[in-house]
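Visitor: I am new to this structure and would like a close look at one part of it, the surroundings of the ligand. Please take me through that part with care, and then show me how the rest is built.

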Amino acid sequence: MKVIVVGAGIVGTCSASYLLRDGHDVVLMDSQGPGEGCSKGNAGALSPGSCIPLSGPGMLSKIPKWLIDPLGPLRIRPGYLASALPWLMRFVLAGRAGNIAGLADALLALHSNTFENYEPLVGSANCRDLIRRTGTLTVYKTDRSLAGSQREWRLRAERQIHQRVLNSGELHELVPELSTDYKHGVLLADHGFVTNPYRLVRSLAEQFARDGGHLERRRATGIIVRDGRVSGVHTADGEWIADRIVIAAGAWSTRLISALGVRVPLESQRGYHATIQGSGITPALPVVSAEAKVYATPMEEGLRFAGTVEFGGLDAPPDFRRAEALIALAKDMFPTIARGEVSQWMGHRPTLPDSLPVIGAAPDHPHLLFAFGHGHHGMTGASTTGTIIASLVSGRQPPINLAPYRPHRF
Ligand SMILES: Cc1cc2nc3c(=O)[nH]c(=O)nc-3n(C[C@H](O)[C@H](O)[C@H](O)COP(=O)(O)OP(=O)(O)OC[C@H]3O[C@@H](n4cnc5c(N)ncnc54)[C@H](O)[C@@H]3O)c2cc1C
């Protein structure tokens, strides 16, 4: 079958790679080239036990605070509030107590086999070195903040996620450079990370091309529908015809499908990084500040501080004061850190209100498949999404129950 995958981020690249392995004739199309979107500069954590929806009970009362502090962990640009409001209301509703267990189960189903499903891809692309199974460590300054996250740790424990609480001594033995202000830690020993997310996407895309896939640097401008049937994509250079189209264009995906009348409430949660080369600090595993909700990941290019959420849409320029604030946090976490050379970056997390992506056929268009909205965990969820998309196109039973991710749930 001829298949076009639009978007060569980690989700589109894994999907295209698995489709090619099934023997399809696959085009992987990206306007900027592989890995230039959100998959480029993220924190790289691979979290098989990640099962906490972003929204939870009591969200509504937090929104006013998000408007006030321009450098807080979660920020809504005041000029963007009206645009974001409908999405925020859905987000608040998704966090009702009765929804949480079902969402947690669905997140876990998508994430738990992340390593296993990357293995064949990184094996053939000869880049196994990019994936490390080191565990990740969440650190807390106060008893209060540890106690405040009990709901999350309980959700994990109920799902048999292996987690170990560390006292201050154990914490500093594991990460000696960490500030002694941090009093508690929780180790997720089964987690890990990608040492260079950008190189991972590019390596997989290059292997896809070596294996006979078609890598095209082109912008899809619309979906072709003939006689009621989706049959290709429009580009500036003409029409590209195929039997199946997979939309994996991250935070830009709904721009492509809205003309079909398909409504999916996709929002960009903009995140930032500051990567410090020559920091003099190389923790053995990613360290997460629970209070700031920021990862410190030992990447190939240096120690990367990545996280924070900003609602500001796809078109507003980055506010790099938020990346600067990550440098201040770096100093707070690791007092002996050297400033080194710093790179800054902003990326658009493609996020849906219930924290789950859409994976499956579009409403009324069985030949158009969606694979977007992986939010804060797209590096983790991409490898399994690739296996799901290949099974849907090839007519196999998908590896997990797809009901929670159905595109027409909104
Ligand atoms: C600060 C930060 C930290 C993060 N940390 C983690 C983490 O630790 N672990 C984790 O699992 N996830 C993390 N994430 C989330 C993760 O990065 C995303 O979920 C993931 O990269 C999304 O991948 P994607 O392929 O869906 O989108 P993208 O990588 O954005 O790819 C979409 C692609 O589509 C292309 N495109 C768009 N429109 C078109 C068009 N019309 N025609 C052709 N091409 C088009 C773009 O050029 C782009 O390359 C983080 C995100 C951020 C911002």
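Guide: In this predicted model, 44 residues lie around the ligand, and those that come nearest are Gly9, Gly37, Gly250, Gly271 and Gly378. Sorted by class, the shell around the ligand holds 20 nonpolar and 20 polar residues, together with 4 charged ones. Several elements supply at least two residues each to this shell, namely helix 1 (10–21), strand 2 (25–30), strand 15 (267–277), strand 18 (302–311), strand 19 (341–351) and helix 12 (378–394).

These elements belong to a protein with 12 helices and 21 strands, whose C-alpha trace spans about 65 × 45 × 40 Å along its principal axes. Because a compact globule of 410 residues would have a radius of gyration near 22 Å, the 21 Å of this protein agrees with that expectation. Of the contacts between residues at least 6 apart in sequence, 76% join residues at least 24 apart.

Turning to the interior, buried residues make up 50% of the 410 residues. In soluble globular proteins, nonpolar side chains tend to be buried together. Here the largest nonpolar core has 108 residues, of which Val5, Val6 and Ile247 touch the most other members. Beyond its neighbours within four places in sequence, Ile247 is in contact with Val6, Ser253, Leu256, Ile257, Leu368, Phe370, Ala371 and Phe372.

Terms used
Residues are numbered from 1 along each chain as its sequence is written. This is a predicted model: local features need pLDDT of at least 70, side-chain atom pairs count only at pLDDT 80 or more; totals for chains, interfaces and linings use all residues. Helices (H or I, at least four residues) and strands (E, at least two) are DSSP runs, numbered from the N terminus. The radius of gyration is taken over C-alpha atoms; the globule rule is 2.2 Å times the number of residues to the power 0.38. A residue is buried if 20 or more other C-beta atoms lie within 10 Å of its own, exposed if 12 or fewer, and partly exposed in between; C-beta atoms are placed from the backbone. Two residues are in contact if their C-beta atoms, placed from the backbone, lie within 7 Å. A residue is near a molecule or strand if its C-beta atom, placed from the backbone, lies within 6 Å of it. Ala, Val, Leu, Ile, Met, Phe, Trp, Tyr, Cys and Pro count as nonpolar, Asp, Glu, Lys and Arg as charged, and the others, Gly among them, as polar. A nonpolar core is a set of buried Ala, Val, Leu, Ile, Met, Phe, Trp, Tyr and Cys residues joined through C-beta atoms within 7 Å.
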